[in-house]
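Student: I would like to learn how to read salt bridges in a model. Could you take me through some cases?

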Amino acid sequence: MKYEVQEHLHYAGIPSWNHAPISQDVEGADIVVMGVPFDSGVTFRPGARFAPRTVREQSLIACCFKYPWDYKLSEVAKVVDYGDVGYWVGAKATEFMVADTYKHAKKILDAGCRLMTIGGDHTIPYGPVRAASEKYGKLALIHFDSHQDSTRSEENENGTRNLSHANFAYDLQEEGCIDPAHSAQVYIRTEMTECGYNVIHSMDAIDMGPKALAEKLKEIVGDMPVYLTFDIDALDPAAAPGTGTPVIGGPTSDQVRKVLQGLKGINIVAADMVEVLPDKDPSNITSIAGAAITQDIMYLMYESKK
């Protein structure tokens with residue numbers, strides 16, 4: 001006999017994303033969660049390869065209630081946990097990750113699903129963004145981060161590029177996947193290459209307040225298809241200590257969730273959550289925040305898919 005209480009014991013069972021079924025058959029799914037346990041692109045502290053597993057585990061407790069949304073996502077949307085892709089070792093690990101994530105993202109998006117990727121470091125958007133741009137055309141990027149990640153990647157002797165987590169925002173707009181004029185980098189606390197993005201620095205973003213900031217972002221992206229990428233170090237280290245390159249002066253988790261709620265109506269076709277380092281935060285505060293914010297983004301996906 002199965003007792004109802006078993007469904008509320010978050011420490012038992014296989015930790016798929018919020019108890020979603022694990023399958024690579026995505027037919028009819030609204031949202032597909034895909035893990036990319038990769039951190040070969042970091043320039044400081046490694047460890048984000050462990051995030052997909054830990055964020056899934058924390059989703060069992062962080063995502064079991066609907067608050068602050070009006071309905072429970074798991075009761076209205078078909079969510080599938082696709083498992084992990086893009087992981088390899090050796091000299092060509094990055095090349096393999098980019099190609100493998102592109103292949104699986106293309107399959108998921110071509111099936112009509114919205115894609116939520118859990119990294120991994122911030123090198124992982126290359127494959128999903130390219131796949132999303134192929135399907136939907138040029139994308140608007142909403143980029144929550146303390147860093148711009150807009151340093152142009154260096155070209156190797158063989159014509160390939162040496163990719164890291166500091167390059168995707170430059171490279172993908174240069175390729176034509178992203179329209180920087182209709183994109184925004186939010187809560188920024190660094191100075192990197194300016195390549196046309198609307199940069200909203202952290203103090204300015206916080207002073208605006210969540211409602212005004214959300215309206216500003218909606219104005220920037222308009223009705224374009226959106227790729228939303230969320231680096232957990234956008235949050236202040238007090239709210240997310242377990243990350244690779246923490247920078248003080250960021251927002252609280254409450255402020256960020258209010259901004260996300262204010263983004264209802266934008267057309268998010270794919271997104272990611274990156275740079276959670278579980279081993280730097282044994283309390284799991286960062287992974288809990290990562291899981292809750294991931295689900296907030298999934299709500300926005302479902303709202304735009306309805």
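Student: Where do Asp110 and Lys106 lie?

Tutor: Side chains of opposite charge can pair when their charged atoms come close. In this predicted model, Asp110 and Lys106 both belong to helix H3 (residues 93–110) and sit four residues apart, about one turn of the helix. Their salt bridge has its closest N and O atoms 3.2 Å apart.

Student: Which salt bridge does Glu134 form?

Tutor: Glu134 pairs with Lys106, with 3.7 Å between the closest N and O atoms. This pair links distant parts of the chain, as Glu134 is in helix H4 (residues 126–136) and Lys106 in helix H3, 28 residues apart. The cut-off for exposed is over 50%, and Glu134 has a relative accessible area of 51%, so Glu134 counts as exposed.

Student: What is the N to O distance for Glu175 and Arg130?

Tutor: Their side chains meet in a salt bridge at 2.6 Å, N to O. Here too distant parts of the chain are linked: Glu175 is in helix H5 (residues 168–175), Arg130 is in helix H4, and 45 residues separate them. Glu175 is partly exposed at 43% relative accessibility, and Arg130 is partly exposed at 25%.

Student: How many salt bridges does the count come to?

Tutor: The count is 11.

How values were computed: Residues numbered from 1 in each chain as written. Predicted model: local features only at pLDDT ≥ 70, side-chain atom pairs only at ≥ 80, totals over all residues. Heavy atoms only, no water. Salt bridge = Lys/Arg side-chain N within 4 Å of Asp/Glu carboxyl O. Helix = DSSP H or I, 4+ residues; strand = E, 2+ residues; numbered from the N terminus. Buried < 20%, exposed > 50% of the residue type's maximum accessible area, 1.4 Å probe, protein only.
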